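Here's a quick briefing for anyone opening this one for the first time. Take a look at the picture, then read on.

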Amino acid sequence: MDPTAAQPSFRQRKLQPNMRLRNSAGDGSDGMFEDTSGAGLGPQSGYSRNQHAGPQAEGFPGQTLLSDPMSNLAMAYGSSLASQGREMVDKNLDRFIPISKLKYYFAVDTVYVGKKLGLLVFPYMHENWEVSYQQDTPVAPRFDVNAPDLYIPAMGFITYVLVAGLALGTQNKFSPELLGVQASSAFVWLVMEVLAVLLSLYLVTVNTDLTTIDLLAFSGYKYVGMIVGVVAGLLFGKPAYYLSLLWCCAAIFVFMIRTLRLKLLSEAAAEGRLVRGARNQLRMYLTMSIAAAQPIFMYWLTYHLVR
Amino acid sequence: MAFTLYSLIQAAVLCVNAVAVLHEERFLSKIGWGVDQSVGGFGDEPGVKAQMMNLVRSVRTVMRVPLIAVNSVCIVLLLLFG
């Protein structure tokens, strides 16, 4: 994938809402995971290269110790069995969870993560919120800071659970089961929010190219603000918690509105011009309510942690 | 606030049951949500009410039979594990 060939031509994409393939046939996947962070760190690229290496790389480390031809035969047979089993699992798993589509959302690098985190906390100076496309497929997140990813939400969720455990520990309420309870309740709220957004998108008949995983990514961005608020509350007390939560709530409200505006509203309304009509008004209400639900959830999921 | 995944599944099953139980001629036609009342033109504006009627009708058509199985599983689990 050549980043210099990406053209911001998203206006035509609305004609074919759901026909884009995020990762066609795997020939893009090798290019997606190259290390572009430039800092020498390539944990994601190393990991994916190990994934693609194939069964020969799954080492039997003690090979030099066994020179008996019989055990060599057994080892070769065992490794071929393992590779067959792995192929079968991959083939069947791909039917239920679209692994190839998920890979797109994890094609991030350090620079992208840093910029995105800064955008989530301070979205006021960013001007161009369009997602750039390259020949009808959206560009991988590492090349475009506006593209949604699943890395930050996943890491944010795990960090939130750990920070919640820490916060409950300072209140002398910690027990290991509580970690599981926190994780499952936060996950349940996330799933309910994504289902509610999907239902309202269906009812308003918005022709958008937002997929379910996109919505999951956008709903997961609020964990960053929640973590900042709780950590500030733990370090500096309740006023700091309220102040930082207020700041992060405003930031994520603006972030969601500016991101969703381009995806949900019609072109004229997205430019900022006032467009009358019941349908546009309904879409505007939908955008506003999705964005307003984020601060509510942020407060709901953290107020019991900072007492 | 102690939600588990199972309570989410139970809530979802209850909601789907509620939608599946709505009777076509005794109730939905009486309040104007019947199948024959949702035919619009070929315009591009189905509207919220028409979408909801479509949703109710499709849930009732699709989920009638699987709900029997899911409800039985939930009843057995509830009896065994409380």
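In which helix of chain B is B:Asn17 found? B:Asn17 sits in helix H1, residues 5–20 of chain B. Before going further, keep in mind that this is a predicted model, where local features need pLDDT of at least 70, side-chain atom pairs count only at pLDDT 80 or more, and totals for chains, interfaces and linings use all residues. Residues are numbered from 1 along each chain as its sequence is written, chains are lettered from A and ligands numbered from 1 in the order in which they are written, and side-chain values use heavy atoms, with hydrogens and water left out.

**Chain A at a glance**

- Chain A has twelve helices and two strands; helices (H or I, at least four residues) and strands (E, at least two) are DSSP runs, numbered from the N terminus.
- Starting at the N terminus, the order of elements in chain A is α-α-α-α-α-β-β-α-α-α-α-α-α-α.
- Of the 307 residues in chain A, 42% are buried, where buried means under 20% relative accessible area, exposed means over 50%, and partly exposed is in between (1.4 Å probe, protein chains only).
- Take the contacts in chain A with a separation of 6 or more: 77% of them are between residues 24 or more positions apart. Contact here means heavy atoms within 4.5 Å.
- The accessible surface of chain A is about 16600 Å², and 65% of that belongs to carbon and sulfur atoms. Such areas come from the Shrake-Rupley method with a 1.4 Å probe, and for residues only the protein chains shown count as cover.

**Where the two chains meet**

- On the chain A side, 16 residues are in contact with 14 residues of chain B.
- The size of an interface is often given as the accessible area lost when the parts come together. For chain A and chain B, about 1400 Å² is buried between them, 75% of it on carbon and sulfur atoms; buried area is the accessible area (1.4 Å probe) that two parts lose on being put together, summed over both.
- A:Val188, A:Tyr202 and A:Leu203 supply 38% of the area that chain A buries against chain B, more than any other three residues.
- Two helices of chain A, H7 (176–204) and H12 (278–302), each supply at least two residues of the side that touches chain B. H7(A) gives the most to that side, with eleven residues.
- How many salt bridges does the rule find across the interface of chain A and chain B? It finds zero, a salt bridge being a side-chain nitrogen of Lys or Arg within 4 Å of a carboxyl oxygen of Asp or Glu.
- The count of residue pairs in polar contact between chain A and chain B is one (both at pLDDT 80 or more). A polar contact is a pair of N or O atoms within 3.5 Å; within protein, one must be able to donate a hydrogen and the other to accept it, and residues adjacent in sequence count only if both atoms are side-chain atoms.

**Salt bridges**

- Side chains of opposite charge can pair when their charged atoms come close.
- Searching the whole structure turns up two salt bridges over all chains.
- One joins the side chains of A:Glu193 and A:Lys222 (2.7 Å, N to O). This pair links distant parts of the chain, with A:Glu193 in helix H7 of chain A and A:Lys222 in helix H9 (residues 222–236) of chain A, 29 residues apart. Both A:Glu193 and A:Lys222 are buried.
- In chain B, the side chains of B:Glu24 and B:Arg60 meet in a salt bridge (3.2 Å, N to O). B:Glu24 is in helix H2 (residues 24–28) of chain B and B:Arg60 is in helix H3 of chain B, 36 residues apart.
- B:Arg60 counts as buried because its relative accessible area is 11%.

**Helix H1 of chain B**

- B:Asn17 has a relative accessible area of 18%, so it counts as buried.
- Its side chain makes a polar contact with the side chain of B:Asn71 (2.9 Å).
- B:Val19 also lies in helix H1 of chain B, and it counts as partly exposed because its relative accessibility is 26%.
- Leaving aside neighbours within four places in sequence, B:Val19 is in contact with B:Val56, B:Val59 and B:Arg60.
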